[in-house]
Amino acid sequence: AVFLPVDFGSCAEPRSAPAPSRSVPVELRLSNGRCLRFDSGIDEEALTRLIRAVDAA
C-alpha cells in the first residue's frame, strides 16, 4: 500500500470550526487479495502498522 500526500494549495481557514465528522466503516482490499475493515477514525500510524502486518502475514 502506498500513501500519497495531498496538497490542497492555499485553502482559507473556515470562519467557524467545522462540525466533528462521523466515523464510517472503511474496507480496504490489498493487492494480495486480503481485505481490511476498519473505522475511518483510525490513527494513520496505526493503520500503516496494520497494513504492513497483514501484508507480511
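## Salt bridges and a nonpolar core

The model holds two salt bridges, each defined as a side-chain nitrogen of Lys or Arg within 4 Å of a carboxyl oxygen of Asp or Glu. This is a predicted model, where local features need pLDDT of at least 70, side-chain atom pairs count only at pLDDT 80 or more, and totals for chains, interfaces and linings use all residues. Residues are numbered from 1 along each chain as its sequence is written, and side-chain values use heavy atoms, leaving out hydrogens and water.

Side chains of opposite charge can pair when their charged atoms come close. Here are the pairs.

| Salt bridge | N to O distance |
|---|---|
| Arg29 and Glu27 | 2.9 Å |
| Glu27 and Arg37 | 2.9 Å |

Glu27 lies in strand S1 (residues 25-29) and Arg37 in strand S2 (residues 35-39), so this pair ties together parts ten residues apart in sequence. Strands (E, at least two residues) and helices (H or I, at least four) are DSSP runs, numbered from the N terminus. Glu27, Arg29 and Arg37 form a network of salt bridges.

How exposed are these residues? Buried means under 20% relative accessible area, exposed over 50%, partly exposed in between (1.4 Å probe, protein chains only). Glu27 is partly exposed at 41%. Arg29 is exposed at 59%. Arg37 is exposed at 64%.

Now the core. A nonpolar core is a set of buried Ala, Val, Leu, Ile, Met, Phe, Trp, Tyr and Cys residues joined through side-chain atoms within 4.5 Å. The largest one has six residues: Leu30, Leu36, Phe38, Leu47, Ile51 and Val54. S2 and helix H1 (44-56) each give two or more residues to this core. H1 gives the most, with three.
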